[in-house]
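Okay everyone, let me put this one up on the screen.

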Amino acid sequence: MLHSPVAATALPQSAPFPSLSLLFFCFYFNILAESAQNGGGPRMSRSRSRSRRVRPNVLVTGTPGTGKTTMSSLLADAAAMRHFNVGDLVRQKGLHDGWDDHLHCHVINEDMVCDELEDSMEEGGNIVDYHGCDFFPERWFDLVVVLQTDNSVLHDRLTSRGYMGAKLTNNIECEIFQVLLEEARESYASEIVMPLHSNNVEDISRNVATLTEWINNWRPPVRLKFCLKECMWLKHLVQIVFEGQCPIHLLVFD
Ligand code: DAT
């Protein structure tokens, strides 16, 4: 039988298993990629360790009055998650830099809020509800829900809450121009941003059911993560299998 001369010379004697070689290089670059991810970017700087959470974190955002707190609290009960209402947390723990007389609200201290939430977020199983989303570390969330309400419905909700003047106008405009949806899409991967209507009680029930199912079906993303020690162990195993003749060039590990 004739053999192709190209094929016969293409593979050096010392490396008869190029696919395994390739595999090891993949592991190596995986390590590099992991370390770059853990240290990369300003929003990753709060913690260098990659999360090992087994339950997801969900951010529920939207203009004030769209129903974040109502929906989040029902969802927390239905899916056995912790609910953090960031507005309440800021008031209760004093995570602010004083009072804004113009907008009649506290000036939130974003760093203090993130520090307060960090440990819980690392554990997973949290629903965070807040009318802003661009200052949280991106790595915290597996799903970002943006609640949306028709302007006339929202207007009635906000006036019955006592909003008036600039505060009322700003919030209605915020909803008209879909500011929170845009902020969410700019701050998180578009595939994890989920806009949901929140006009009536049927919407609440449907949203809670949809999100409960999503949470219960969530599995941690599979990440090929090999540390150098594990790779060396694998190299030794291959050497034993091939009776001391390791066919793989492992220059990157030597
Ligand atoms: P947010 O947390 O976004 O400020 P909320 O949960 O406090 O909003 O709700 C504001 C008010 O509107 C409150 O009285 C409950 C009501 N509400 C919220 N979502 C609703 C919905 N989908 N249908 C009817 N009423 C709703």
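Predicted model: local features only at pLDDT ≥ 70, side-chain atom pairs only at ≥ 80, totals over all residues.

Numbering runs from 1 along each chain as its sequence is written, and side-chain values use heavy atoms, without hydrogens or water.

K68 brings a polar side-chain atom to 2.8 Å from a ligand oxygen. At N200 the backbone takes part, with an N or O atom 3.0 Å from a ligand nitrogen. How much of the ligand does the protein bury? Of the 540 Å² that the ligand exposes when taken alone, 73% (Shrake-Rupley, 1.4 Å probe).

The ligand has 15 residues around it, the closest being G65, K68, T69, T70 and R161; "around" is a heavy atom within 4 Å. α3 gives the most to this shell, three residues (helices are DSSP runs of H or I, at least four residues, and strands E, at least two).

Now the largest pocket: 34 residues line it, and nearest its centre are P64, C105, Y130, H131 and Y163. A pocket here is an open set of points on a 1 Å grid over the protein atoms alone, where a 1.4 Å probe fits, with protein on both sides within 12 Å along at least five of seven lines; lining residues have an atom within 4 Å of a point. α3 turns up here too, among the elements that each supply at least two lining residues.

Technical notes:
Polar contact = N/O pair within 3.5 Å; in protein donor to acceptor, adjacent residues only side chain to side chain.
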